[in-house]
Every structure is written in structure tokens, then in C-alpha cells.
Amino acid sequence: KGGIIHTQMLPVKGINNVNARIKEVTDSIKTVYNAKVNREICQSDVDINILDEVGKQAVRLRETNAGDLCADAYRYVTGAQIAISNGGGIRTSLKAGKVTYGDVIALLPYENYVEVLEVSGQKIIDVLNACTSFLPVENGDFPQVSGIQFTIDMNAEKRVKDVKVFDKTSNNYLPIAPNAPYSLGPIDYCVTGGGLQKMLKNEKVVKQNIMLYSEALIEYVTKALNGHITRDYENPQGRITIIK
């Protein structure tokens, strides 16, 4: 108590600061980790983008090929008629070429699970209106979609119009029926009140926690796409039209 503390700088060179046992354990962990993250999931002919040409978060502003791919994966895994992904849940772009497990986790990094809800057509319209009301400002709730088409009219008070849902029987998009029930495949973050403006919080859950949203993408590209993302995903597929 009350003593003087003396310090001295010592050269690191020559000091053995490596514990052989600890190094053995950490090296083994690194080996397992590298094998997992470098595991090839698929090949892609195209870049899968969340950014636009000037570096803005396009996935939070308009339809992107990354949004199309992820929403298609959720719809495929859930079997829902419609899938909606909040743009903010899609975190990075993928380069053309080999896509690894680590790349997929970087794209969809959170512990979010895909689910199935039953919602009315009007609820879907309301969700789309609410989640596009921020434009032209970037917002993580911007909807990336599958199984549905719609137009955003920036000059109208209720921006969303011409909402159409894909019909398997006719193999065509038909006008949404506001009073009809539809199956919807979002991630649980959007169901528990965190995303899509908390508008799905009280909706009927049909299937819960089906699988992680990253696993859903892996399932889709390996099974539905046979391990090959083709040029079908080179550009956004025309699901969202914006009138300025």
C-alpha cells in the first residue's frame, strides 16, 4: 500500500509466449473452421448484388437479384405462395464463381428461421405499402419478394398498386384478392415484431422455425438449382416496378 511500481519495456523477441498445448487446440479449431467455411455450396455465373453502381444499399431501395434469390429460397423451402424478405436481412454481395458456406453465412448471417403464416391479401398489400413508404430513403424493411409482383407509384399516397400473385394452375400472375387467405413465407424476425414494420406480429403462424434462412438458401441452390446459379439471376426479374 502506497508503494512505487516500477515498469520496464522488454523486447518480445526471444520470449516464448506460445503454449504448445493451447496452440495444438487452437490450430485444430482453425482447421475445422476453415474446412467448414471453405466448403463449396454451388457455382454462380453472376454476381449477386445488394449494392448499386455507386455503393448505395439497393437491397433497401428496389428489387435486387440478391433479394430475388433469397426470397425464392424462402418460398421453395416453406412451400408458401408468397415470400417476403426484409432487405436489411440480406447483408452482403456474392461474387461470381465458387460460392462457399462462408459466403452464404456472410450473406445471411443472423439466427433467423423461415416460417409460414396465413394472411389475407389485404394484409399483404398493407405490408407492401408500409415497407415502401420510406422511399427514396434506404430502409431495411424494403420488401424483396417471390411469388408476387407489384408496382410502386412514387406520386401516389398509397404507393403500391397492381399487386399480383403467381398462380400455379394457370402459370400466370393474377390480381391479389384482398379478402382471400394466402400462405406467406417470411423469416421469424419479421413475425416476432422486429421487421416489416411489425405488421405480421399478430398473424396466424402455420409452420414455425422450419430452418435457418441461410440453410434455406443452401437447400434452394443445391436442390432446386442443382448447385448452379445461372444467368436467370443476372438481373432483377421484374417483380417490382417503380414509377417516379
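Which helix is Thr 78 found in? Thr 78 is found in helix H2.

## Basis

This is a predicted model, in which local features need pLDDT of at least 70, side-chain atom pairs count only at pLDDT 80 or more, and totals for chains, interfaces and linings use all residues. Residues are numbered from 1 along each chain as its sequence is written, and side-chain values use heavy atoms, with hydrogens and water left out.

## Thr 78

Thr 78 is buried, with a relative accessible area of 7% (buried means under 20%, with a 1.4 Å probe and protein chains only). Its side chain reaches the backbone oxygen of Tyr 74 at 2.7 Å and the backbone nitrogen of Ala 80 at 3.2 Å.

Not counting residues up to four places away in sequence, Thr 78 touches Val 114, Glu 115, Val 116, Gly 185, Lys 207 and Ile 210 (contact means heavy atoms within 4.5 Å).

## H2 against H6

Helix H2 (residues 65-78) packs with helix H6 (residues 213-224) at an angle of about 85°, the axes being 8 Å apart. H2 is therefore roughly perpendicular to H6 (a term for angles of 65 to 115 degrees). By class, their contact has eleven nonpolar, no polar and three charged residues. Among the H2 residues that meet H6 are Leu 69, Asp 72 and Tyr 74.

## Nonpolar core

The largest nonpolar core has 59 residues, of which Leu 69, Tyr 74, Leu 128, Val 221 and Ile 229 touch the most other members (a core joins buried nonpolar residues through side-chain atoms within 4.5 Å). Leaving aside neighbours within four places in sequence, Leu 128 is in contact with Ile 84, Pro 143, Val 145, Ile 148, Phe 150, Val 160 and Val 163.

Methods
Axes fitted to C-alpha atoms, helices over the stretch in contact; angles between N-to-C directions. Helix = DSSP H or I, 4+ residues; strand = E, 2+ residues; numbered from the N terminus. Parallel < 35°, antiparallel > 145°, perpendicular 65-115°, else oblique. Nonpolar A, V, L, I, M, F, W, Y, C, P; charged D, E, K, R; others polar. Buried < 20%, exposed > 50% of the residue type's maximum accessible area, 1.4 Å probe, protein only. Polar contact = N/O pair within 3.5 Å; in protein donor to acceptor, adjacent residues only side chain to side chain.
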